[in-house]
Structures are given as C-alpha cells and as structure tokens.
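Please walk me through this structure, one part after another.

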Amino acid sequence: MLDIRDLQVEVSGERILKGVNLTVNAGEIHAVMGPNGSGKSTLTHVIAGKPGYDVVQGEVVFEGIDLLELSPDQRAREGIFLAFQYPVELPGVRNRQLLKSALDAVRLHRGQEELSAREFDKLFKTKVKEIGMDAELMKRSVNEGFSGGEKKRSEILQLSMLDPKLALLDETDSGLDIDALKSISESINRRVSSDRSTLLVTHYQRILNYVQPDCVHVLVDGIIVESGGRELASELEASGYKSFKDKDIQE
Amino acid sequence: MTNPKVISRTSSDKELNSDYKYGFVTDIETDLAPKGVNEDIVRLISAKKNEPEFLLEWRLKAYRHWLKQAGKDPDWAKIKFPAIDYQDIHYYASPVQAPQLESLDEVDPELIEAFNKLGIPIEEQKKMSGVAVDAIFDSSSVATTYQESLEKAGVIFCSMSEAVQRYPDLVRKYLGSVVPYSDNYYATLNSAVFSDGSFVYVPPGVRCPMELMTYFRINAEESGQFERTLIIADKGSSVSYLEGCTAPMRKSHQLHAAVVELVALDDAEIKYSTLQNWYPGDKNGEGGVYNFVTKRGKALGNNSKISWTQVETGSAITWKYPSVILQGDNSVGEFYSVALVNNHQQADTGTKMIHIGRNTKSTIVAKGISAGKGSNTYRGLVQIMPSAQNATNFTQCDSLLIGDKCGAHTVPYIDVRNQTARMEHEASTSKVSDDQLFYSMQRGISEEESHYMIVNGFCRGIFQELPFEFAMEAQQLLRVNLEGAVG
Amino acid sequence: MVVNLRGLNMSGNSVAHDQYRLDFKELDGRLVPDSPSWLSENRQIAFSEFENLGFRTTKRANERWKYTNIAPLARTGFRYRFEPNEDVVTIRSIRELLPWHEDWTRLVFVDGMYSDLLSNPDNNSSDVYVGQLREAMVDRSDVIENSLGSLVSYSKDGFLAANMAFLSDGAFVHVSNGVSPRKVIHLIFVSTGDEDPMVSYPRTLVLAGSGSDMTLVESYVGLLNNSYFTNAVTEVLVEDGSKVEHYRYMKESQDAFHVGTSRVQLGRDSTFSSSSFSQGSSIARNDLGVTFNSPGSSCSLSGLYQASDSEHVDSSIDIDHASPNCSSDQYFKGILDGNSRGVFSGKVLVRPEAQKTIARQADKNLLLSEGARINTKPSLEIFADDVVCSHGATAGALADELMFYMMSRGIDEKTARSLIVYGFASEIIDKFNLAPIRDRIECLLLDGSDFQ
C-alpha cells in the first residue's frame, strides 16, 4: 500500500531523514518508534504533504501513486489521514462543518454521493458515541478550548468518520490517561481490515499493549536502524533507545 | 417559499463565479431631475414629494450649510478617491409610475421583475416567510409589502415620503434629532436632497411581529442615492430591521450618501442589520459605489438597547461608522461588523460609542478581512463622558490578511473622562496560518475551500448576530467577494 | 504671563512669534563666526521653515496633536537665554531632582547651555566620546555633519525646525565599534526658568557603533517652579549588532512646557530598549519614533506617565517596521489624578516588505479621580501579511475590592491607595534596570505614605 524508498528530507537546510525505507502492506499495522528528534513526526508530515519540508531524495508511493506530486488535500482524498500530534485550533469553524466538508470531498473523490445532512448527522452521532466524545464538545469550534486528551479523541473521531485507507497516527498516545488510551486503541483495532493500514508513530511502547502491530521499526537520527516483530517493542522497553543509538554509531 | 436575498443561494456555481451578479440594468422609464444641486433642485425634490413647509425649510437650511462647507469633505479617513463633482450627479431619479398606488398590480412589471431577479419578491402573493419588505429603487420607495398585517399590530412601516404625508408630527419630532443636518458633509448634503427611505414607528409595548427589511438598489446612471431612514421604537417596544443593497455595474462611480437615524425610548430595543453588497468596481478599481453613510442611534430611554450588525462586502469605498449615543441610564450599544475588501476596494469603517448615561454598556466586535489590493481600516471612538458612572466598554478588532498587497489598519480612539469606567480594547492582525490550512487540507478539503472555511470561522461571531436567513446570505457574500483572492 | 495674539494668522494657524525672530537674529550673529558653514545654512533654512510652520494649533489634519492643545504654548513668546544662569544650579541642588549615581559619566546642561562645572565628561579615549556637541563639531566634524539631523526632518514640524534653528550646542555620545563603556552615561538638562517665559533647545546625538553596548540616561528637570519651554530633540543611531539601553526621566516644573522628540534608527540585528518616566506639567510630551531599517532587530519600549492637578502628559510612540524579521514591544501605563489629562498614541506601521514582523502594543491606565481623563489611541497600520500584531488598551479606577482588602488589614486609606498605585506601576518600574531611577520613581509614587 505504502512504499517509501530512500527518503531524505531537509528542513531549513538541516537533514532530518537520511534515507528511510519502509513498506506497509494493506491490512497491516506498523509502529515506528524512536527517541525525540529522531524524525518520526517529519516522516508523517512528509507523507501527508506538510509544506516546509524539502524532499531531497527518494520517493513515497501510495497504491502506485507518487504522493510527492500531490497537494495535501489530494493525498487526503486518496485515503491518507494524519492524526496530528498537536492538532491546531480553527476558531469559528465547527467540528461538524469541517467533517461534513471533508467527508463530502473524500466521498466525491471516491465516486460516492455526498451524504445528506440527515445521513451525515446520523453517522456523526454514532461515531461520537462510539469514540466516547462529549457530544456538547463537538458543537464547539474545531479543537478550540479542548484539553489535550479531548483533542486526541477528536482526531480519532475524524479518523473514524473519514475512514481512510492509511492512517498515520503521530504520537496519538502521548499524554493520555489509561482509559483514554484504551478507548483510542479500541478505535484503532476496530479499523483493522484487509484494505486498511495504520502507521503508528510513538515514543513509548505503552500503546502496543493494546494495539498489536505486525511490524515495529526503530527510527534513530533519521534512519530506520532496526525492524522486526512486536517483540522488538518489548526489547526497547527493557533496554531503551540507547543501545540502538550505539549500534548506529558502530555501523 | 422564497426569502429576500442579497444573493440567491440557488445560484449555480457558474453564476457565483461571475464578477458581480447584480450588475444588470433595468430598462424602465425614469423621472430624472437635471444634474447638479442648487436651491431649485432642493425645492423641486420637496415639491415632487408634496412636502410640508417645515421640511422644505429644513432642507434649505441644510443646503445653505452645505454650501458653506464646500470643499471640506471629510479628509481624515484612510481612503483615496478623486474629488467628487457634486454638480455632475442627478439628485433625483425615480421610476415613473402612477402617483398613488392602489395595489401592487399597479407597480411597473419591469420593476417587479428587477427585484425578482435580485431574489426580492415584492408581490405579496409570493408569501415571504414573515419578512416585510420596503423596496427602494434609485431614490424612491416602490413597494412596501405586508403593510396591512403590520398596521394591525400598530407598527408603521412605510416609505419616508409616505410618512411625511401621513405622520408629519412624528417625522418633525425625530428627523434630524440623532443626526442633525449640520453633522457632517455627506449628512448635510443628504439632509438637503434626500429623496426617500424607510420609516418605522413601533408603538409602546409592541414587539414587531416580523422582521422588517429595506432593499436598496441604484439603477439610474450618474445618479446619487440619498435615502433617509428613521426608526423609532417607543417605550417597551422592539424591532429587528434588515437592509440589503446592490447596484448595477457602471463604469463611473456612483455616490450613495444615506443617513439612518434610530431612536429607542425607555426599555425599547432596535436591532439593525445590514448586508452591503453595492457594486465594488471591477478588478482594476474602475467604477463602483462610494458608500458614504451616516448611521447613528440614540439609546435615549433608560434600559434601551441599540444593536448594529453589518456585513460590508461591496462598494468601491465604504465610509461608515454606525454609532450609538448611550444617553439613557443602563442603555446598551452594540456594534458587530465584518468588512471585507478585495481588489481595489477601500473601507474605513467602525463605530462610535458615546456613553452619557449611568451604567451604560457597549460592545464592539469588528472583523476586517483584506485581500487583493484592498485597504481596510477599523476606526472607532469610545467616549466615556463624566456623567457616565460605571460605564463599561469592551472592544475587539481582529484583522485577517490574505496576500501581501493589501493593508489592514486599526485606529481606535479612546476618551475616558470618568474614573469609574471600565474599558478594554483588544486587537490583533494576522494571516490564515499555514498550520491551520494544512490541517484542513489534510482532511481532504481543497486549499480554496479551506480558506473560505477559516475566514468564515473568523467571522462566525458576527454572523451569529444576524437573523438566520441573513447569516446564510452573508456567508455566500463572503465567498463570492473573496473570489480570486485565495488559492 | 502676557498673552500675545500676534502669533496667530488669519486662518488661526499660529506662525512663529516675533520673539523667536529677534532671538534668532541675535543668536545667529553670535554663532556664525565659529560655526561650520553647513550648520549655519541648516539653521537658516530651519528658521525659515519654522517661520512658515509655527506651532500648528488647528484641529484639521493635525492628527499628531489631536488631544494635546498647544495653543497656550504657541501664543507665548518664549525668550532665548544668551547668558547662563549657572550660579543657581549646584551639584547638590540637581542631585535632589533626578536619578543620581556618583560613578556615572555626566553631562549637565543648564537652560540648554553646557556646564563645565557640573559635568563629568568622558572624552579622552578614542573608544568613547561623551561630551559637548560644539566641541565635537571641531574634532569630529565629518561624523557629525553626516549624522546630525539625519533622523529628524524639520520641513514638516515646527518644533523640530525651531530646535534646529536654535542649535548652538548639545550632547554628543559616540561609542566606537565593539566598545562597551563600563559607565552609565547620564545626560542632564536642567531648566531654571525666569520671571519671563524662557525656552531652551536641548539636542542630543548618539552614535552606537556596530557591536557596541551602552546604557544611556536622559533627564529633563526643572529647578524652580517657573513657566518655561523645553524643546528637546534626540537622535540615536544604533548600528549593526549593537545594543542600547536607554532611559528617559522627565520631571519638569508644573507650569513648564516640554516637547521632546526622539528618533531612533536600528541597524541589522541590533537591540534597543527604552523605558521612560514622564511626569505631567503644563504640557509634557514625549514623542518617540523608532525605525527598523534592517532585518533582525528588536526594540522594547516601556513607559510610565503620571499627572495630577491640571497637568497634561502626552506620550506619542511611532514604530516604523520597514524591514523583515523585526519585533517591537510597547508597554505603557498611566496614572492620572486630579483634573489631569493623559494622552497616549502609539502607532505601529508595518510596511509591505516587513514580513515576519512581530509587534505588540499595550497601554493601561488608572484614573484616580473624578476629573482625570485619558485619551488613548493605539493604532496599527499593516501592509504585510505574514505578521503577528496586537494591541490593547484599558482604563479603569482603583478596584474597590483591593482597597477594602487592604483597609481590612488595618492599612489606612491613603497608604492603601498609594500601595495599589505602586503595584499597578511596578510592572513598568521593574523595566528600569538602574536602581537610582527605580528609587526615584518609587519615591515619587509612594510620596506621602509611610512606605518610603
């Protein structure tokens, strides 16, 4: 589904990603783990097309399409969803309005009809309930006055509404209490199917107690230094990133 | 069922994409006074309207005062335009029709058609949903709908000309009581030559049963529109009043110098909403309406309230400061504004809140959006007089810039002469942030659409102050007028 | 005071008073033999500009003076003092009046004239020059010819024109590239006044060489309670990468008029901070303009203004962002009592090329009496889109709850009041990094309470 080849990325002249290779097949959950500053967020941003990153080499192919050629909204319509680490506030823009516009755009692109207001509201209500969002909160402007945890839940609600092929979750687990973590994990697990994939970027292995990845990658200083099964996460838990950093240097 | 529209929501996308969709000219017979202004023209206008002596005298006083002001157009606003040749304007243009209309059937069908095109049906059988409309074509009121049911409630809603004939005492008592003829250059001119406008009187204790609306349209070429509106809410009454404006596309500039006066007596409330979409001129700044308007309300009675809401998207130049004199104790003044400029448009708009009574309270929320080569200025005065014990004011002015060729300016004047006052002013200027844009686009929404959504969100607080139907129109106006500015 | 209306022309615009003409002629005759020709020429031109401009008192198109009525100033024929009044001024008498530190480098001007006796200049090294402008015109004439008047245009402003026309001496501060003078530089302008209204024209030129770092204090004080007029002009050229910490202390006599104009130009990556204290008088006007001409610089301006009785205090701040990536911050507070009037007008202009500008502006006012009045006008003029600009203004009285709280703790009303006022001002006072200035302001604010 997603093929990243020798991806090298700079921000203001500084090399952040130094040749990342990564393949995510349909139906898989991949976890990318790494210390702060290793380039994890950059990876998700580049896949989603955030401006400000210079791709100096490599390619990002999604279902045969060269993603790097597309604008962020085109990528989103192709089925890429980024749950932001720090979701921004959109003053005055209602959650419903954002989601309706987004869903209409995505559906139109897929050749589906726009949902009627009624159908949309029904779906919205169901999802709000499923995620355990406070319905009152959803009447507010997007992320405005939301707590950290509420913002994360709201991202997951959007994920669930838009139902993308590939979900990029950027530190969605950070700063959550255990109940919220469980609930968000359930939502991630619920989307597992043969045609949906998830790329989970995290600093901690805690979420991997609830979400079982097919593959774990360790990203250190802009390079994936090790890939393996879920046991890699436990190994990290025990020894930390330090051993990988050392390994990296030795190589 | 149809509703009055400043822009029709049923318009196709293609129509929306056109520059200005109200640019048609209606071919009807017009009674046009010769160009220029002098005492004879003032007398002619007064005679055409069969006005009582006191009004003619008042007009002449205004005209003579205006002559003394010659060359003293207000020069303090941040707007630029070539000097106006006041002798090159028709001061009276009115559709020719039977002098006294017995029913709407007598209205020139071309006129009805013109308003239909604008989405303003003035035929009552079309049954608009509870909005009474006074349609003003060039300088004359052509039809006022729902008169009968309003009369049942005791509400007077008619053209100013009619009010002068039927309720001369009310007119005499209140006309010029808020905006005296000597107030400012444009208001003085208006006092001399105003031709028509709307008149509203809501008797004591009556809540006006429906929204009142005036629809203005300039049609005749090289004519000025000088309408005069007067709204009086007697003790304990309330009324919500809407106005919408369009003009055809003309190469030359058209002058619109209106005066609106509001008077709220004890415990009365007036809510005045405007959607201003006069022709803004073309992309190169050619043509467009000069909208030089004086609007002021006097919250005369105790516990009275006057609220202005405006969405200003049209006009080549907007010069307008809807104000409130808070005279009664505990009176409340509000000003909510969205002003958008694009291409070569210029707006210098804001409000004045003059606190005189005790415990008076004012709120100002102004949102300015600048795009293209537009220049947008918020100019406001908050004045707290020594008598205004415990007055409070809160002001918030935010500006949004789209593109790097436009300007956004904030010029608040704050004059506090009473120590018990509490006033707070906040302002900010920024652009749509890249992070906000990316967030929205990541959800699959196109760049242009994301811009609209964010700009719309920026204005939401103001749109909420509008009656629902108007709020929908306002959003559309914003979209149409932002065309080409983003993406 | 004799009111003379001859200074008014038909349209009500005041033009230069006859007194100025007489004095200019006299002064010019005395100065010309020793002055460089460029200066004499400039003074001549400036005077004829001044004759045309006068001090404009009309309301129309006079936005910069909207809330300050200068008619009483404009119609008075202030006399120029040709002979020094030095004998009434002693170190002891001025120490009482202003922030003082024995170690500071000090230039003292009495009624605009340099006092050798009272000054403690620093003009012996090649690194730093703190001394008389008149002397420097001989030693360093090139530098001065190039920079004097480069930031003030006297063709539009009568005050600037008059200052230039009557320029005979002033303070000159020149810190060479990369030098950081250890000592604080203090420029003191004392007015003694007279029975007749007198005028003085303090003039200061400051050149901060690139990479230099200095601390500068300007003090303007009145010795006797006379009516006089101080028309001061200061120019500060801050070159690339340098840092200037500036303070301005103004406490003229209650009946005095003070119009002080300061213009600052910032070079690339430079830093300018300025904190001012302005005590009201008949008119006390502090007009400060900062221009960002090169990228990467920042300025932080703060001020405390105070007035009581029928005093008038006016702060006019103009920031011109003409270059990208600069930031400006303004924070002013006013304390107004009696029938006094405070005026604050702060303008931030962001030109089209000044992308990535950050500009903040705040003005907060405390009104302590029924008769006090504040006019505040914080304005933004923005032509660049990628900017973050904000401003705010507030006005209000002492909070009753606070007063009650203090009094319930046994503090008497007067003390409670001055403590709250002090608390309000402390945010600004803290910005004065020099203890002698802080102490002086604290003294003034807490005057009459038991907390000195």
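Helices and strands here are DSSP runs, at least four residues long for a helix and at least two for a strand, numbered from the N terminus. With that in hand, look just after H2(B): B:Asn50 takes a positive phi of about 55° there. The whole model is predicted.

Stay with this helix for a moment. H2 of chain B spans residues 39-48, and its buried residues are B:Val42, B:Ile45 and B:Ser46. Why do these residues share a side of H2(B)? They cover an arc of only 95° around the axis, so they fall on the same side of the helix. The other side of H2(B) has B:Asp40 and B:Ala47, which are exposed. What lies over the buried residues? The cover of H2(B) includes helix H3 (53-68) and helix H8 (185-193), both of chain B.

Now step back to chain B as a whole. Its secondary structure comes to 11 helices and 23 strands. The chain has 487 residues, and 61% of them count as buried. Consider next the contacts in chain B with a separation of 6 or more. Of these, 83% are between residues 24 or more positions apart. Chain B also touches other chains, as the next two stops show.

The first stop is chain A. Here 21 residues of chain B are in contact with 25 residues of chain A. On the chain B side, helix H9 (434-442) and helix H10 (447-463) each supply at least two residues. Which of the elements gives the largest share of this side? It is H10(B), with 9 residues. By class, the side of chain B that touches chain A holds 8 nonpolar, 7 polar and 6 charged residues.

The second stop is chain C. In this contact, 32 residues of chain C meet 30 residues of chain B. Two strands of chain C give two or more residues each to its side: S20 (373-382) and S21 (388-396). S20(C) gives the most, with 10 residues. The side of chain C that touches chain B has 17 nonpolar residues, along with 9 polar and 6 charged ones.

Strand pairing also links these two chains. Strand S23 of chain B, residues 422-431, is joined to S21(C) by 7 bridges. The two strands run antiparallel. To find one place in this pairing, look for B:Glu426, whose bridge partner in S21(C) is C:Gly392.

Finish inside chain C. The domain assignment gives domain 1 (5-294) and domain 2 (399-452). How far apart are the centres of the two domains of chain C? Taken over C-alpha atoms, 32 Å separate them. The domains are in contact through 11 residues of domain 1 and 8 residues of domain 2. On the domain 1 side, the elements that give two or more residues are strand S11 (243-251) and strand S13 (271-279) of chain C. S11(C) makes the largest share of that side, with 3 residues. By class, the side of domain 1 that touches domain 2 has 8 nonpolar, 2 polar and 1 charged residues.

How values were computed
Residues numbered from 1 in each chain as written. Chains lettered and ligands numbered in written order. Predicted model: local features only at pLDDT ≥ 70, side-chain atom pairs only at ≥ 80, totals over all residues. Domains from an automatic or database assignment. Contact = placed C-beta atoms within 7 Å. Nonpolar A, V, L, I, M, F, W, Y, C, P; charged D, E, K, R; others polar. Pairing = 2+ DSSP bridges. Buried ≥ 20, exposed ≤ 12 C-beta atoms within 10 Å, placed from the backbone. Arc of directions from axis to C-beta.
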